[in-house]
Amino acid sequence: MRRRRRYIDHVGYVRVFSPTHPRASRYGYVYEHVLVMEKALGRLVRPGEHIHHRNENKADNRIENLALVSDSGHKREHAGWENIEGQWFKPCSGMLCAGKLLPVTERFFLFRTRKGRRVPLSRCRACQAEAKRRSRKQEKNS
Ligand SMILES: [Zn+2]
Ligand SMILES: [Zn+2]
């Protein structure tokens, strides 16, 4: 097989021939997003660090489309969470907000503990209260 310098793999990631890189595959290829991020950081990407494609296009490796995130941060990004200047925001699924991003704090969300971790409910406090008010009203009318 002729070696290509750069190709898109079957899941949509761009791979670049770079056989001396510590993360090179058996055939000498490295994810292009790793190379782009490492160049911007001036260091290697560490274990436990992930690179998220902001627009979900795995082949769009412009640095402005890439975000270096931790393992848990990566899951959050895929759940629509956004980190804005160090504060996490998440979309509220309630009917008042309809997906509006709110800060993940006690002021906006109730939390419950799941697997030893505190996680916010999917609806914010205001939407939670609104849903309760509506179901009460419905009970009264039936
Ligand atoms: Zn991602
Ligand atoms: Zn809400």
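Read along the sequence, the elements of the protein follow the order β-β-β-α-β-β-α-β-β-β-β-β-α, a total of three helices and 10 strands, where helices (H or I, at least four residues) and strands (E, at least two) are DSSP runs numbered from the N terminus. This is a predicted model, in which local features need pLDDT of at least 70 and side-chain atom pairs count only at pLDDT 80 or more, whereas totals for chains, interfaces and linings use all residues. Residues are numbered from 1 along each chain as its sequence is written, and chains are lettered from A and ligands numbered from 1 in the order in which they are written.

The protein is divided into two domains, with bounds that come from an automatic or database domain assignment, as listed here.

| Domain | Residues |
|---|---|
| domain 1 | 1–70 |
| domain 2 | 79–142 |

The centres of domain 1 and domain 2, taken over C-alpha atoms, are 35 Å apart. Along the principal axes, the C-alpha atoms of the protein fill a box of roughly 75 × 30 × 30 Å. Buried residues (20 or more other C-beta atoms within 10 Å of their own, with C-beta atoms placed from the backbone) account for 13% of the 142 residues.

An open, antiparallel sheet is formed by three strands in the order 6-7-8, with strand 6 (82–84) and strand 8 (101–103) at its edges, each pairing on one side only. Strands count as paired if DSSP finds at least two bridges between them; strand 7 (residues 87–91) and strand 8 pair over three bridges, and Pro 91 has Leu 101 in strand 8 as its bridge partner.

Methods. A residue is buried if 20 or more other C-beta atoms lie within 10 Å of its own, exposed if 12 or fewer, and partly exposed in between; C-beta atoms are placed from the backbone.
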